[in-house]
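Let's take a friendly look at side-chain contacts in this model.

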Amino acid sequence: MFSPKLLTLCLISIGCSWAVNAKLEERFSWKQLTFDWPSPEAEAEAKRTGHYIEENNLPLGLERWENKIFVTVPRWKAGVAATLNYIDLSTNEKSPKLRPYPSWEANKLPIEVAPQIQNTASGGRLDADKAQNAEIQLENNSTIISTFRIQVDVCDRLWILDTGLADILGNPKQITPNTILVFDLKTDKLLRRFALPSDQTKEDTFFANIIVDAERDQCEDAFAYVPDLGAYGVIVYSLRDNKSYRVKHNYFHFDPLHGDFNVGGVNFQWTDGVFGMAVGPLKADHTKDVYFHALASTKEFKVSNRVLQNESHVNGGDSYYDFQFVGDRGMNGQSTSEVYDKNTGVIFYTQVNKDAIACWNINRPYTSDNQGLIDSDSHTLVFPNDLKVDQDGSLWVLSDRMPTYLYKELDHSAVNYRILTGKNKDLIKGTPCE
């Protein structure tokens, strides 16, 4: 039994990690997603017509702004009610209904997408059919077809990468081009809609993330970085110039030795390239490092934002060595998402093969000794898909068992989707990131 003196020594020792390590707390959870329909009749009609098939709605990305938690629901299959939604944080409900953003109308598909009869679960993205081109003129300029990840910038704007794809795993339709949308969160009005030029996409292009690089005193000089995990490139978009261009580099490719995944009892192989990205702090020379990694990889890289934002240089043939290898996360260190926290100097990142969230302090070498595991749970963190840091110094994580959704079938009598949160400073206590 501990003596009081020994217990005190243990509590102040970083070696007594059980006493100081905080765990993420579950804030919301769902067996299946439900939505805040205009009326019970509207919900019943959506179910009758196949516009809402509960089991086809899987949450993937999240973001926090003031009293809202945004949740994305990509249109992997037909029957997704709304692709961009939010939860009011004032709710006391454990499994709240999702509210479409900015409206139900903006989340309505402009064409009919008939549900497919599926006797067995669909395969993953790589097994999907090629999308049929159904590009149309949108009646509502705020329409969002299907989004995976989003980001709120320091200027209270919501940035969305809309893939324009519906029913990806069924009878895929390319309803609109890949498009960047920017909303003013204070007014919920669309500020910018920019369709990526067709010559900046490739045969295997798949955009599932968007990262924003902005400063509060220079809002109009913002840039967005859109990783192409399927065709191994990054799109750079300038808000001021309303122009984008494609960047390529060997470091954007996947690692063939790390394309094997085992998550929640599902074994699968992916070839996803550059995916996770995080913008580091503003340095004395007014530049920032942009960190990035491929999903099917355990290696981390970085490049200066000054390099990415100089089109003639980054595409001129002399920029190869501006991209730098940072380090390796080690065996089973594949990661979907990463985010930088300016208050702690820490990058938080997912560890999908480990059902875990990890951290690294950017002021230290990127070695295994300097990487900390802040939480690992084979029940609540099965496929941590996205994570974000808010302005209050909290980390938000969404886990969704996506491999089971893609390759097998989810048990809808059990909880499948979770949003967890914790204070960053508490989460890194007792870890090498502190």
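The notes below go through these contacts one group at a time.

## Ground rules

This is a predicted model, where local features need pLDDT of at least 70, side-chain atom pairs count only at pLDDT 80 or more, and totals for chains, interfaces and linings use all residues. Residues are numbered from 1 along each chain as its sequence is written, and side-chain values use heavy atoms, with hydrogens and water left out.

## Aromatic pairs

The whole structure holds 29 aromatic pairs (Phe, Tyr or Trp rings, the six-membered one for Trp, with centres within 6.5 Å; planes under 30 degrees apart are stacked, over 60 edge-to-face, the rest tilted).

Phe261 and Phe268 are stacked, because their centres are 5.3 Å apart and their planes at 5 degrees; both are buried.

## Charges over rings

Lys77 lies over the face of Tyr405, 4.2 Å from the ring centre (the criterion is NZ of Lys or CZ of Arg within 6 Å of the centre and within 35 degrees of the ring normal). Likewise, the charged end of Arg329 sits over the ring of Tyr349, at 5.9 Å from its centre.

## Disulfides

There are 2 disulfides (cysteine sulfur atoms within 2.5 Å). Cys155 and Cys219 have their sulfur atoms 2.0 Å apart, and their link is left-handed, with -95 degrees about the S-S bond. In the disulfide of Cys359 and Cys433, the sulfur atoms are 2.1 Å apart; the S-S torsion is about 95 degrees, so this one is right-handed.

Conventions: Buried < 20%, exposed > 50% of the residue type's maximum accessible area, 1.4 Å probe, protein only.
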